[in-house]
Amino acid sequence: MGHLKQSRLITTRERLRDQVAHALRAALISGELQPGAVYSAPGLAEDFGISATPVREAMLDLAREGLVEPVRNKGFRVTEVDERDLDQYTDIRLLIEVPTVGRVTLTADREELRALRPIAEEIVAAARAHDLIGYLESDRRFHLTLLGLSGNARLVETVGDLRKRSRLYGLTALDERGELLPSAEEHLELLDLMLAGDAKGAEECMVRHLSHVRSLWARDEPDDADRGEGVGSRRRRPGPVPGGGQGV
């Protein structure tokens with residue numbers, strides 16, 4: 001009886017840890033947690049309204065993914081990704097995703113492809129509603145589910161890891177300029193080409209889409225008012241822990 005109770009406690013704790021990791025990834029992607037800044041587990045736990053233990057465990061998970069790095073006696077520093085890193089991540093994704101999309105276009109069941117349309121429409125709807133986290137979640141589900149139709153789980157895992165490491169920066173500014181919607185609509189275009197059996201067109205669309213995404217990764221230059229201010233001097237609140245789901 002005691003063992004079963006302990007098992008349930010561990011499951012609950014692990015679920016909270018996953019939820020915190022999910023929320024922190026979302027905050028990293030949206031720019032709420034700034035590259036180069038150091039955040040303490042107790043400080044973030046206070047924002048979430050929970051104890052520091054699951055936050056610290058979640059940060060260790062993110063450290064293993066290369067998203068943050070431990071800083072002795074201070075907390076965790078958000079890792080910075082430079083232009084060379086982003087170019088290399090894009091090159092790898094092009095090598096993997098473009099030919100995979102071509103193969104899936106020719107081999108996937110049409111019903112499985114049609115099942116992706118609601119997700120593609122969610123991406124567009126999120127972009128129009130300025131829902132950045134919803135946009136990123138739907139975008140992640142679309143791409144990884146699409147790649148999953150190849151039957152290669154390692155391929156999906158690799159691309160998922162690349163997506164985490166190449167976080168989208170400056171999404172708020174891009175959204176305000178209306179630059180997210182064209183990228184969102186490319187998912188519907190890609191799906192239409194695949195359903196039509198146009199493998200070459202689908203590959204070309206994927207090249208264009210990933211190139212578009214690479215331009216979104218580029219961070220905006222700081223304005224004059226920010227040039228003298230360190231990245232760690234402004235600490236933003238990551239918001240409440242969402243009700244579950246996998247990390248972006």
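**Entry 1: the chain as a whole**

I began with burial: 45% of the 248 residues of the chain count as buried. I note that the model is predicted.

I next looked up the secondary structure and recorded 11 helices and three strands. Along the sequence, these elements follow the pattern α-β-α-α-β-β-α-α-α-α-α-α-α-α. I also looked up how far apart in sequence the contacting residues lie. Among contacts with a separation of 6 or more, 77% are between residues 24 or more positions apart.

**Entry 2: helices H6 and H10**

I noted that two packed helices are described by the angle between their axes and the distance between the axes. I looked up both values for H6, residues 117-128, and H10, residues 180-195. Their axes are 8 Å apart, and the packing angle is about 165°. Angles over 145 degrees count as roughly antiparallel, and H6 and H10 are therefore roughly antiparallel to each other. The crossing of H6 past H10 is left-handed.

Which residues make this contact? From H6 I listed Arg-117, Ala-120, Glu-121, Ile-123, Val-124, Ala-127 and Arg-128. From H10 I listed Leu-180, Leu-181, Ala-184, Glu-185, His-187, Leu-188, Leu-191, Asp-192 and Leu-195. By class, the residues of the contact of H6 with H10 are 10 nonpolar, five charged and one polar.

**Entry 3: helices H4 and H7**

I turned to H4, residues 83-107, and H7, residues 132-148. Their axes cross at roughly 60° and come within 9 Å. H4 and H7 are therefore oblique to each other. H4 passes H7 in a left-handed crossing.

On the H4 side I found Arg-93, Glu-97, Thr-100, Val-101 and Val-104, which meet His-143, Leu-146 and Leu-147 of H7. The contact of H4 with H7 divides into four nonpolar, two polar and two charged residues.

**Entry 4: Ser-150**

Where does Ser-150 lie? I located Ser-150 in the loop between H7 and H8, the latter spanning 153-165. Its relative accessible area is 30%, so Ser-150 is partly exposed.

I then looked up the contacts of Ser-150 beyond four places in sequence, and found that Ser-150 touches Thr-100 and Val-104. Both Thr-100 and Val-104 also belong to the H4 side of the contact with H7. Finally, I recorded a separation of 8.4 Å between the C-alpha atoms of Ser-150 and Val-101, which are 49 residues apart along the chain.

Definitions and conventions
Residues are numbered from 1 along each chain as its sequence is written. This is a predicted model: local features need pLDDT of at least 70, side-chain atom pairs count only at pLDDT 80 or more; totals for chains, interfaces and linings use all residues. Side-chain values use heavy atoms; hydrogens and water are left out. Axes are lines fitted to C-alpha atoms, for helices over the stretch in contact, and angles run from 0 to 180 degrees between N-to-C directions. Helices (H or I, at least four residues) and strands (E, at least two) are DSSP runs, numbered from the N terminus. Angles under 35 degrees count as roughly parallel, over 145 as roughly antiparallel, 65 to 115 as roughly perpendicular and the rest as oblique. A crossing is left-handed if the near helix is turned anticlockwise from the far one by less than a right angle, and right-handed if clockwise. Contact means heavy atoms within 4.5 Å. Ala, Val, Leu, Ile, Met, Phe, Trp, Tyr, Cys and Pro count as nonpolar, Asp, Glu, Lys and Arg as charged, and the others, Gly among them, as polar. Buried means under 20% relative accessible area, exposed over 50%, partly exposed in between (1.4 Å probe, protein chains only).
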